[in-house]
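Subject: Handover of the model

Hello,

Here is the structure I promised to pass on. My notes on it follow below.

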Amino acid sequence: MRRRRVLLGRRPTIMLLLALLVLLFFGGMWLLSSLNLRHAEGALTELRERQIADTFNANLDRIDAHHRRMEQNGWGLSRAAVLLTEMEAGEADVSGILKQTLEEFTDASGATLWLPRLSRPIAMFAHRDGTQVVVEPLERGWMQPEALQSRLDTWREGSPQPHWTGAYFKPNINDAVVSVSVPVRDGVGRVVGMAGSDWVADDIISMVSGIKVTPNTFAFLVDKDNRNLSSLAVAEDLQRAQRLIDEVSALELHREVDALSAGEGMKRLDITLAGQRWSLYHDATRAGMVFGIAVPQAEIDAVLAPMRGVNFRLLAGIGLVLLLLAGVILFLVAGLLRQLRTLYTDPLTGLPNRARLLTDLEGAREGSLMLVNVDGFKQINDLFGHQCGDRVIQRLAASLQALLEAHGCHHGQLYRMPGDEHAVWLPGTMTDSSLRSTVEALHQALSGLRVDWRGQELPVQLSLGVASTWRLEAGQDTLLSSASIALKQARVESRPYVFYDPAVQVRRNYERNLAWANRLGEALDESRIVSYFQPIMDTVSGRVEKFECLVRMVERDGEVIGPGAFLEVARRSRLYHRLTLTMVDRCLVAVDETPHEFSLNLSSEDIVDPEISEALLARVADSGAGDRLIFEILESEGVDNYAAVSAFIVRAKALGVRIAIDDFGSGYSSFEHLLRLDVDLLKIDGSLVRQLDTDSDAETLIRGIVSFAREMGIVTVAEFVHNVAVLERVQALGVDFAQGACIGMPGPHPEFATPIGGVRANPVN
């Protein structure tokens with residue numbers, strides 16, 4: 001009791017210190033990092049980003065203004081060409097106009113006029129040669145015919161936009177240029193020629209070279225053919241500059257022109273160029289090129305270095321305080337853990353004790369529990385004393401541990417139970433024969449156990465009780481109590497070991513089954529076996545056109561009993577035949593009274609039993625409503641006689657009945673059923689459907705089932721659609737029909753079937 005009081009006395013202190021540590025750590029770190037660093041760095045970063053953005057936009061506007069002037073010059077030349085066309089001017093007039101244009105517009109390095117509609121077609125080009133303007137005729141083939149024709153077709157279709165080219169080499173100028181061309185239209189709007197201006201690449205590079213944000217910033221223009229005109233062309237380190245140009249070109253920014261033109265403002269891209277982090281700002285220009293500025297990230301972050309130094313010193317101070325506080329807490333927690341260990345550890349053997357076993361069993365899954373008891377242990381204590389008894393316990397514990405390792409039970413866990421018992425937990429599912437072999441081997445190895453006590457060898461006799469999770473009845477005895485029952489049985493019957501068998505409850509189960517059989521027989525005699533109808537919705541139209549007939553038993557007091565309480569009892573008695581045929585009658589009445597289709601569950605036993613199948617088919621034939629019936633064969637039950645089942649299906653289909661496989665996906669024979677049976681519908685098992693909104697594996701399986709069914713021309717139905725999220729996934733995967741709580745719960749009449757919550761999912765007409 002003293003240790004417990006010490007533990008309870010320290011627990012509030014430890015919890016308080018832990019709470020203070022957590023609050024101080026998270027509060028202090030958040031306060032310092034968020035208010036000091038994040039706020040300061042955020043403000044500086046935002047300011048820096050704004051400065052870069054302003055610089056970028058100003059230079060983009062400057063480039064667009066140059067593009068606009070180039071276009072205006074082209075339109076001016078176009079208007080002059082219209083007059084020349086109307087005057088039927090000659091080459092001298094055209095030459096004069098071109099020369100005058102270049103002299104007045106110094107931004108252009110060349111000008112072109114192509115007037116094929118004149119009585120003597122003219123195609124002339126003017127360019128600068130030093131301080132002089134030279135005008136000369138264009139050579140034949142001065143532009144590729146397909147490119148020229150494409151440009152003319154675009155203008156003839158009504159496009160008012162100038163045409164910008166990518167960078168290309170122009171022999172007349174002996175330099176790379178970017179050209180803009182506009183149509184020449186006559187008085188009625190027909191395209192009668194073309195006027196253009198050229199912009200030399202050196203001028204472009206000179207323009208972008210003047211853009212500076214930080215010392216190592218570089219600017220560039222990428223044309224529509226991904227040619228890069230960059231300020232790097234005049235860099236001192238040409239090898240590094242070429243590498244940067246190549247890596248920017250590899251980004252293929254020209255592919256983003258349409259998206260950038262349709263967007264709002266510049267875009268930022270954080271990338272690595274030449275082994276260095278850069279922030280690349282880019283946007284589309286008026287000419288369909290991509291203008292960009294690349295700024296080294298290190299130069300952007302350089303302004304933040306002083307704030308980071310201050311933040312580091314603050315964090316170092318807080319860290320020292322936290323270190324001291326954590327040391328105190330760890331010291332106290334270590335003492336607490338030592339005390340907790342004594343609560344879950346047997347002091348004699350050092351093994352986990354019963355309390356630990358109970359805790360472990362709460363989270364355990366499949367496995368077996370073996371209790372080992374020392375026969376006559378009380379006599380050993382009485383004759384040789386408790387010290388001898390302790391020696392026996394220690395020797396047994398050591399032997400059991402060694403045997404578990406020797407027999408490959410490395411995942412097994414040994415526990416010390418009160419008195420002279422030990423428990424062995426063997427995780428995992430084993431066959432009965434494998435488990436029996438393991439227990440037999442352990443017992444044989446322990447049968448020769450001897451304990452040396454003061455020169456005497458004391459033989460130790462043991463009894464074992466074994467229980468397995470897979471042999472327990474749901475809601476009945478726990479695993480530990482079941483193993484205790486088996487151990488008691490072994491000791492009473494003087495057997496070396498006993499496996500817990502639920503068959504010891506046979507009489508109690510027999511009496512319970514007899515009572516249910518009597519209740520079921522009375523319900524059949526008094527017509528208290530009824531059908532409940534669950535709606536099945538078309539996932540495309542959202543309408544309910546089918547119902548599944550489900551068996552229910554109504555007690556004399558009006559209580560409705562589900563099939564789980566009496567169906568197995570019926571299967572083991574002659575009442576099952578009456579129950580099946582009663583459900584057939586109830587289903588046929590519903591078919592006669594409503595316009596809907598109805599499905600009914602049949603087991604393979606129903607089908608292969610002539611007493612049921614013959615009567616069933618006869619009643620369907622008499623009703624004449626086979627085309628509105630669906631027989632659902634349970635996939636979860638094995639089909640042993642495919643020949644008999646196939647023969648039944650042939651006869652049923654001759655009456656118009658359709659065949660469905662129920663619980664599809666719950667067993668291993670699913671696809672074998674499809675290959676060997678002529679089915680029309682697949683009802684996907686609820687174990688897959690109910691977790692469709694959370695389990696990607698379930699979605700993958702259902703997608704495969706739907707695809708397979710669609711290839712075979714089979715309709716699919718999803719069961720257990722219990723919420724809207726699952727319904728939406730079912731519809732998205734293309735499942736044809738859905739049923740479950742989200743669609744409607746089973747009701748005594750088809751027209752009254754409603755979903756959970758009382759609101760019908762869709763009309764039932």
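The expected span of a helix is 1.5 Å times one less than its number of residues. Keep that in mind for the helices below. Note also that this is a predicted model.

**Overall**

The chain has 765 residues, and 46% of them count as buried. There are 23 helices and 28 strands. Take the contacts with a separation of 6 or more: residues 24 or more positions apart account for 64% of them.

Start with α12, residues 432-446. This helix has 15 residues. From first C-alpha to last it reaches 21 Å, close to the expected 21 Å. Which of its residues are buried? They are Leu435, Thr438, Val439, Leu442, His443 and Leu446. Viewed down the axis of α12, the buried residues fall within an arc of 130 degrees, so they line one face of the helix.

The buried residues of α11 are Cys388, Gly389, Val392, Ile393, Leu396, Ala397, Ser399, Leu400, Leu403 and Leu404.

Aspartate 390 is also in α11. Is aspartate 390 buried or partly exposed? Its relative accessible area is 35%, so it counts as partly exposed. Its C-alpha lies 9.2 Å from that of aspartate 420, which is 30 residues away along the chain.

**Nonpolar cores**

In soluble globular proteins, nonpolar side chains tend to be buried together. Here the largest nonpolar core has 70 residues. Leu520, Leu616, Phe631, Ile702, Val721 and Val730 touch the most other members. Helix α16 (residues 575-593) gives the most to this core, with 10 residues.

Look at leucine 520. Setting aside residues up to four places away in sequence, leucine 520 touches Ile529, Met553, Phe566, Ala570, Leu575 and Leu579.

A second core is separate and has 48 residues. Its members include Leu102, Leu118, Val178 and Ile293.

**Histidine 127**

Histidine 127 sits in strand β2 (residues 122-129). It is buried, with a relative accessible area of 7%. Which residues is histidine 127 in contact with, leaving aside neighbours within four places in sequence? The list is Leu102, Ser109, Gly110, Gln132, Val133, Val134, Glu136, Asn172 and Ile173. Leu102 is also one of the residues of the second core.

**Pocket and cavity**

The largest pocket holds about 970 Å³ of space. It is lined by 40 residues. Which lie nearest its centre? Met143, Arg151, His163, Thr165 and Tyr168 do. The elements giving two or more residues to this lining are α3 (145-156), β4 (163-164), β5 (168-170), β6 (175-185) and β7 (191-200).

How many cavities of 30 Å³ or more does a search of the whole structure find? It finds one. The largest cavity has about 40 Å³ of space. Its lining is Ile536, Lys546, Ser599, Ile630, Glu632, Ala660, Leu681, Lys683 and Val717. Strands β24 (629-634) and β26 (681-684) each supply at least two of the lining residues.

**Single residues to look at**

Proline 750 lies in the segment after β28 (737-738). At 5% relative accessibility, proline 750 counts as buried. The cut-off for that is under 20%.

Glutamate 252 is in the loop between α5 (238-250) and α6 (257-262). Its phi is near 55 degrees, a positive value in a residue other than glycine. At 32% relative accessibility, glutamate 252 counts as partly exposed.

Serine 527 has a phi near 55 degrees, again positive in a residue other than glycine. Serine 527 is found in the loop between α14 (506-525) and β20 (529-538).

Best wishes

Note on methods:
Residues are numbered from 1 along each chain as its sequence is written. This is a predicted model: local features need pLDDT of at least 70, side-chain atom pairs count only at pLDDT 80 or more; totals for chains, interfaces and linings use all residues. Side-chain values use heavy atoms; hydrogens and water are left out. Helices (H or I, at least four residues) and strands (E, at least two) are DSSP runs, numbered from the N terminus. Buried means under 20% relative accessible area, exposed over 50%, partly exposed in between (1.4 Å probe, protein chains only). The arc is that of the directions from the helix axis to the C-beta atoms. A nonpolar core is a set of buried Ala, Val, Leu, Ile, Met, Phe, Trp, Tyr and Cys residues joined through side-chain atoms within 4.5 Å. Contact means heavy atoms within 4.5 Å. On a 1 Å grid over the protein atoms alone, a cavity is a set of points where a 1.4 Å probe fits but cannot get out, and a pocket is an open set with protein on both sides within 12 Å along at least five of seven lines; lining residues have an atom within 4 Å of a point. Grid points are joined across faces, edges and corners, and a volume is the space filled by probe spheres set on the points.
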